[in-house]
Amino acid sequence: MRVGVPAEVKPDEYRVALTPAGVRELTEHGHEVLMQAGAGEGSAITDVDYQAQGARILADAEAVFAEAEMVLGVKEPQPREVAMLRPGHLLFTYLHLAPAPQLTRALCESGATCVAYETVEDARGRLPLLAPMSEVAGKIATQAGAFMLEKPLGGRGVLLGGVPGVAAANVMVIGGGVVGFNAASIAIGMEADVFVFDRSVDRLRELDLAFAGRASTVYSSVLAVEEMLPRVDLVIGAVLVHGARAPYVIRREQLSMMKRNAVLVDVSIDQGGCFETSRPTTHSDPTYEIDGITHYCVANMPGAVPITSTYALTNATLPYVLALADLGLEGALARDPGLRPGVNVAAGKVTYLPVAEGTGEEFTPVAEALRPTRTTT
Ligand SMILES: NC(=O)c1ccc[n+]([C@@H]2O[C@H](COP(=O)([O-])OP(=O)(O)OC[C@H]3O[C@@H](n4cnc5c(N)ncnc54)[C@H](O)[C@@H]3O)[C@@H](O)[C@H]2O)c1
C-alpha cells in the first residue's frame, strides 16, 4: 500500500503522524511511504532521517494526497485537506466529529473512508489511541493552569503548592480518566490540595487506591460540584463519553460561585467542551475571560510538546497503521473488532452512532456502508 503523511497545518501543531521507525516498519512490510517535505521538522525529524529508512519525499500535500492510498494525520483535516480527499482514500487521524457537523458532512461528501484514532477501542473497551495524548494533555493541563494562576497572566496570584505557613491551592479535576489521572498526579506532585470528581464509582475506587490518600475522590453530582466551586483555584475539565459531544459539567450561571480570577482548563474542548462558556483557543492565544474566570481551552494541547507527543502517539498508532496497510480496512476489521468503532465515515455515510447523534446525520452500520463498495469493485 502507498502510505502518505502530509505536514500538519492546524495552527501551532508540530506533531507528525509517522516517525522514521514507522517508515522502516512499513517498508519492511513491503509498503511505500510518501512523506511531505518538512513534515517532521516540528518534531525535530529531518527529511534525510525519513529517507534513510526508505521514505520518498514529496514536495507538497497535493502530491502526497494524489499518490497515497492511506493518508495518516494527527489533527482533524482542515478545509484545504478535505478538498484533497477522494473516494478510495483511507484517512487515519484524530477526527473528533461529534461536535463538528460541517466537517462530518464534508468528509461524507469526499467519499473517503475516515477512521478516527479517538474511537478505536481495545479488548477492554478502552481508547488506546486517545490514551497517549490524554496522558500528555493531562500533565500539560496542570502546568498550564498553574501558570495561568499567576497574577501577571490574569490569574488569582496563588502558588499551587503554597509554602510553609500558607495553604496550598485547591485543584478540582472533573473526569478521572486518563487526562484526569495525569492532571491530578502532577497537581499532587506540585503539592496542591486535589479533588477528583467522576461519575463512575469503579473509577473512583481505582483512583483512590492509586492516589493512596494524596487526593480526595468525589462522586460528581451537580450538588457536589456546586459545593466545591467556591473553594477552588483551578478546575480541570476532563470528562468524556466515548465519541460523543462532551456534557456540560459547569454552566455559565455557576461561574459566579467561583473566586474571581480562578482558572478553568477545558481539556474536553476537542469534544465540544465541558464548560458551557468554553470555546476553542490556540497555543498562541490560549486564554480568555468570562465573568471574571480565566478560560484555557487549547484544542491541541499535546501539539506544544511535539518531541514527546509524536513518539507517544506513533508508538500507539503504528500497529494499527501496519494492520491497515497489510490487510486493508476490511481485513484489519476482521482481525481486530476494536478497530470497527474507529470507522466514523465510510462510503459517504456516518458509521459511528455518537457522531451521527452529535451531528444529526443518519447512522449506517460499518458493515452496511462497506457492502456496496464490495459489490461494485
Ligand atoms: N485538548 C486536548 O488537547 C486533548 C488532548 C487529549 C485528550 N483530550 C480530551 O480529553 C477528554 C478526556 O479524555 P480521557 O482520555 O481522559 O477520557 P477517559 O475516557 O479516560 O476519561 C473520561 C472520564 O470522564 C468521566 N465522566 C464522564 N462523564 C462525566 C460527568 N458527567 N461527570 C464526571 N465525570 C464524567 C468518565 O467516567 C471517565 O472516567 C476527551 O474529550 C479527550 O478527547 C483533549
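Just after helix H8, Ala212 adopts a positive phi of about 45°. Before going further, please keep in mind that this is a predicted model, in which local features need pLDDT of at least 70, side-chain atom pairs count only at pLDDT 80 or more, and totals for chains, interfaces and linings use all residues. Residues are numbered from 1 along each chain as its sequence is written, and side-chain values use heavy atoms, with hydrogens and water left out. Helices (H or I, at least four residues) and strands (E, at least two) are DSSP runs, numbered from the N terminus.

Let us stay with H8 for a moment. This helix spans residues 201–211, and its buried residues are Leu204, Leu207 and Phe211. They sit on the same side of H8 because they cover an arc of only 65° around the axis; the arc is that of the directions from the helix axis to the C-beta atoms. Buried here means under 20% relative accessible area, exposed means over 50%, and partly exposed lies in between (1.4 Å probe, protein chains only). On the face turned away from the buried side you will find the exposed residues Asp202, Arg205 and Leu209. What do the buried residues of H8 pack against? Their partners are helix H7 (178–189), strand E8 (193–198) and strand E9 (216–219), where contact means heavy atoms within 4.5 Å.

Now to the ligand. It is surrounded by 30 residues, of which Ser134, Val179, Asp198, Asp270 and Met301 are the closest; a residue counts as near if one of its heavy atoms lies within 4 Å of the molecule or strand in question. Polar contacts are pairs of N or O atoms within 3.5 Å; within protein, one must be able to donate a hydrogen and the other to accept it, and residues adjacent in sequence count only if both atoms are side-chain atoms. A side-chain N or O atom of Ser134 is 2.7 Å from an oxygen atom of the ligand. Val179 uses a backbone N or O atom, 2.8 Å from a ligand oxygen, and a polar side-chain atom of Asp198 lies 2.6 Å from an oxygen atom of the ligand. The protein covers 89% of the 870 Å² of accessible area that the ligand has on its own, with areas taken from the Shrake-Rupley method with a 1.4 Å probe and, for residues, only the protein chains shown counting as cover.

Which elements give two or more residues to this shell? They are helix H6 (131–148) and H7, and H6 gives the most, with 3 residues. By type, the shell divides into 15 nonpolar, 11 polar and 4 charged residues.

Met301, one of the closest residues to the ligand, is found in the loop between strand E13 (293–296) and helix H10 (306–335). Its relative accessibility is 2%, so Met301 counts as buried. Leaving out residues up to four places away in sequence, Met301 touches Ala137, Ile140, Ala141, Val265, Val267, His283 and Tyr296.

Finally, take a look at Ser110, which lies in helix H5 (residues 101–110). Ser110 is buried, at 9% relative accessible area, and a polar atom of its side chain lies 3.1 Å from the backbone nitrogen of Ala112. Setting aside neighbours within four places in sequence, Ser110 is in contact with Val82, Leu85, Arg86 and Pro87.

Technical notes
Nonpolar A, V, L, I, M, F, W, Y, C, P; charged D, E, K, R; others polar.
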